[in-house]
Amino acid sequence: MAEQPTHPTGTNTSAGGPPPASEPTSSGPKKSSVGIHGITESAHYSIEEMGPKRSLQTLLSVNHVDGFDCPSCAWGDPDPDHRKIAEFCENGAKAVAWEATRKRVDVAFFAEHSIADLRERDGHWLEAQGRLAQPMHLAPGATHYAPITWKDALTLTADRLRGLADPDRAVFYTSGRTSNEAAFLYQLLARRLGTNNLPDCSNMCHESSGAALTETLGVGKGLITYADITKHADLIIIVGQNPGTCHPRMLTALEEAKQRGARIIAANPLPEAGFGRFHNPQTARGLAGPGTKLADRYLPVRINGDLALFAGLNRALIEQEDARPGSALDHEFIDRYCDGFEAAAAAWRALDWSRIETLSGLSRRRIKDCAAEVLAADSVIVCWAMGLTQHRNAVATIREIVNFHLLRGNIGRPGAGPAPIRGHSNVQGDRTMGIWEKMPDTFLDKLREEFGFDPPRAHGLDTVDSIRAMRDGKVDVFIGLGGNFAAATPDTEVTEAALATCALTVHVATKLNRSHLCHGTEALLLPCLGRTERDQQPSGEQFVTVEDTMAMVHASRGRLLPGSPHLRSEVAIVADLGHTLFGDDLGWRAMRDDYALIRRRIEHIVPGFHAFEQRVRQPGGFMLPRAPRDSRTFPTSTGKARFTVNPPTAHEVPPGHLLLTTVRSHDQFNTTVYGLDDRYRGIKGGRRVVFLNRDDLRDLHLHDGDLVDLVSVNPDGERRAPGFRAVRYPTPRGCAAAYYPETNVLVALDSTAETSNTPTTKSIVIRVEPVSLTAQPTLRRVSS
């Protein structure tokens with residue numbers, strides 16, 4: 001085993017590879033989204049990667065009943081009868097083209113490029129090289145990956161797992177893009193081995209949502225449907241979310257809501273193009289007309305000020321009810337379905353408005369004007385994403401949003417309810433299938449009844465705890481089913497060093513990424529089929545299933561021939577590893593050969609999946625039950641929806657420092673960077689920029705375009721991300737923003753949300769240091 005690294009104190013400079021040489025230009029934020037530019041960008045990227053014929057073959061199958069689910073975000077689909085020919089967005093088209101590219105990373109590529117050489121490349125370059133073409137092995141002490149047969153790769157992995165002194169010395173990580181069938185087999189494999197170490201990307205995103213919703217409503221998922229937005233909601237509040245970049249198809253649903261008269265409020269530290277005018281590329285009004293103005297009201301909340309915002313809204317509702325009894329609250333709902341109201345109401349009455357204003361960055365008048373919109377609406381939806389979940393007080397913030405819904409009975413009726421918007425296709429389905437380190441005994445009991453072995457009961461490691469365990473020399477084997485673990489996780493240098501302590505790292509992947517170069521003593525790359533490709537098994541062509549953010553389960557069928565004869569499906573890889581490790585004790589080979597057998601097992605174990613095979617073959621699939629929505633029953637510890645007391649807090653920032661939030665560029669999906677532009681924020685040709693308020697620039701004696709280092713301040717020392725260009729931008733005072741994964745280096749591993757243990761990548765205290773006070777700015781301002 002490699003030598004165990006010490007925990008760094010002082011300066012940390014790793015940032016997922018060297019910065020690109022290009023210098024960015026800036027033209028300022030845009031006030032509208034999509035339009036003709038969305039079409040031309042989609043077409044250009046798709047044709048460049050796939051060619052014209054292949055582009056048509058794939059893009060016209062995306063999100064259709066007989067096609068495949070988009071490998072990008074988890075946004076829901078319209079009813080089958082209302083889907084358009086082009087049922088995809090710009091980022092969806094890029095995700096498809098990224099996967100279905102004609103480029104290949106083959107044996108010759110790895111012979112030419114050593115590990116040391118590849119580590120000098122940035123993540124954008126690595127993934128742009130193309131699809132992994134066959135299994136590769138990095139032997140102990142080797143400098144290059146070399147080819148290996150599937151049989152030898154699986155035998156090597158099984159031998160290492162079989163030889164562990166304790167099953168808990170293995171970690172099984174999962175990406176959200178994994179299908180239901182593969183995820184179910186994967187958790188079965190881990191638990192058959194004897195461990196619940198099943199970290200996944202949800203630990204880093206909506207874990208806070210699940211924790212808060214489960215505690216207060218009894219179900220860790222959102223409670224809305226696509227039709228709730230388009231047909232029923234009177235008011236939609238979008239907070240801590242950037243739909244124009246992260247969930248672009250959501251804009252179409254919001255436009256439908258607007259056209260029937262719904263109101264939209266957007267609360268976010270950065271003004272995003274998706275809140276402005278939406279130029280729907282599939283309508284004449286969108287292409288040639290004025291488009292549709294989406295947000296009726298924009299609240300420039302300070303970073304981490306959302307808890308104070310909703311506490312203020314709830315106080316305003318209580319004040320209205322106290323002044324005019326019966327005018328603001330749904331007492332019938334509260335009395336029948338809820339508990340804890342009196343304590344929560346007393347806490348709101350005691351709140352100091354000046355503190356709410358300070359923490360939220362919003363005036364009392366602005367919050368009360370928002371509350372007036374709430375009072376005028378019968379049905380209210382609140383949508384949120386990572387802007388809420390990745391803070392120290394994230395769980396408290398989401399509990400306060402639940403309070404907001406409960407006060408007016410906005411649970412269990414059309415057009416109302418909480419809506420955590422999942423950012424990765426099937427990340428919600430993976431959790432449903434058992435990818436969680438803390439699955440309840442009811443699930444484990446069903447697993448035992450179905451398969452005849454007793455699953456482990458002790459809770460396993462989540463993502464952050466897995467990194468800590470690897471860092472401390474407590475993990476020998478790391479297996480990643482998809483994803484880019486080293487780039488997606490916090491504290492980049494610590495994470496990369498932690499992976500290096502493992503005796504074996506195994507990555508099931510479609511493309512080369514940074515994680516594959518942060519290897520253990522020995523490493524394997526196992527190339528798998530993508531969503532776009534046909535999956536042929538002995539019983540015939542297979543399909544898989546996914547669950548979207550609205551709890552709809554539907555089928556996904558690839559249309560392209562596999563990109564290499566050496567590719568295997570994720571299901572086949574996991575099943576073959578199970579068979580190699582345990583023999584055919586659980587029917588691994590039969591499940592590999594016919595995925596319907598996996599679905600039959602799921603049907604017996606997972607609630608809501610009765611008649612799975614029949615229902616998922618229906619156009620559009622089926623919806624999973626969610627008791628609070630379906631029947632206003634609440635499977636909480638008290639049997640009722642729970643009001644909670646959440647004193648407003650916000651991250652404290654020392655004088656001379658700023659609070660940094662990490663964001664995606666528009667040319668990016670999670671850690672995958674498609675290009676170096678961010679059209680909606682006016683950035684072209686580079687990613688190492690930091691968005692700063694003009695007054696903060698002045699106070700820091702900086703100019704627009706100055707070269708700076710970002711230094712985060714943590715209890716265990718400072719971490720540095722060098723070489724960023726300062727960009728003047730309309731952020732709230734004291735707030736800054738920069739792209740990830742370049743800034744993940746700044747997030748301390750031990751800086752996590754209370755209860756959920758989610759990394760706090762949206763609230764990082766930083767110091768901005770000029771590289772040279774005499775250097776002339778090189779960032780160019782260009783006209784819009």
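**Close-up views of a predicted model**

**Figure 1. Helices α23 and α25.** In this predicted model, the crossing in which α23 passes α25 is left-handed. Helix α23 covers residues 463-471 and helix α25 covers residues 492-500. Their axes come within 8 Å and cross at roughly 60 degrees, which makes α23 oblique to α25. On the side of α23, the residues in the contact are Ile 467, Met 470 and Arg 471. On the side of α25, they are Val 494, Thr 495, Ala 498 and Leu 499. By class, the contact of α23 with α25 has five nonpolar residues, one polar residue and one charged residue.

**Figure 2. Helices α8 and α28.** Helix α8 is formed by residues 180-193 and helix α28 by residues 595-605. The two helices pack at an angle of about 70 degrees, and their axes are 10 Å apart. Angles of 65 to 115 degrees count as roughly perpendicular, so α8 and α28 are roughly perpendicular to each other. The crossing of α8 and α28 is left-handed. From α8, the contact takes in Asn 180, Glu 181, Phe 184 and Leu 185. These meet Tyr 595, Ile 598, Arg 599, Arg 601, Ile 602 and Ile 605 in α28. Sorted by class, the contact of α8 with α28 has six nonpolar residues, one polar residue and three charged residues.

Figure 3. Arg 431 lies in helix α21, which covers residues 427-432. Is Arg 431 buried or exposed? Its relative accessible area is 18%; buried means under 20%, so Arg 431 is buried. Leaving aside residues up to four places away in sequence, Arg 431 touches Asp 200, Ser 202, Asn 203, Glu 207, Trp 436 and Met 439.

**Figure 4. The chain around these views.** The chain contains 31 helices and 34 strands. Its radius of gyration is 25 Å, close to the 28 Å that the globule rule gives for 784 residues, so the chain is as compact as a globular protein of that length. Taken along the principal axes, the box filled by the C-alpha atoms is roughly 75 × 65 × 55 Å. Of the 784 residues, 64% count as buried. Among contacts in the chain with a separation of 6 or more, 79% are between residues 24 or more positions apart.

Methods: Residues numbered from 1 in each chain as written. Predicted model: local features only at pLDDT ≥ 70, side-chain atom pairs only at ≥ 80, totals over all residues. Heavy atoms only, no water. Axes fitted to C-alpha atoms, helices over the stretch in contact; angles between N-to-C directions. Helix = DSSP H or I, 4+ residues; strand = E, 2+ residues; numbered from the N terminus. Parallel < 35°, antiparallel > 145°, perpendicular 65-115°, else oblique. Left-handed = near helix turned anticlockwise from the far one by under 90°. Contact = heavy atoms within 4.5 Å. Nonpolar A, V, L, I, M, F, W, Y, C, P; charged D, E, K, R; others polar. Rg over C-alpha atoms; globule rule 2.2 N^0.38 Å. Buried < 20%, exposed > 50% of the residue type's maximum accessible area, 1.4 Å probe, protein only.
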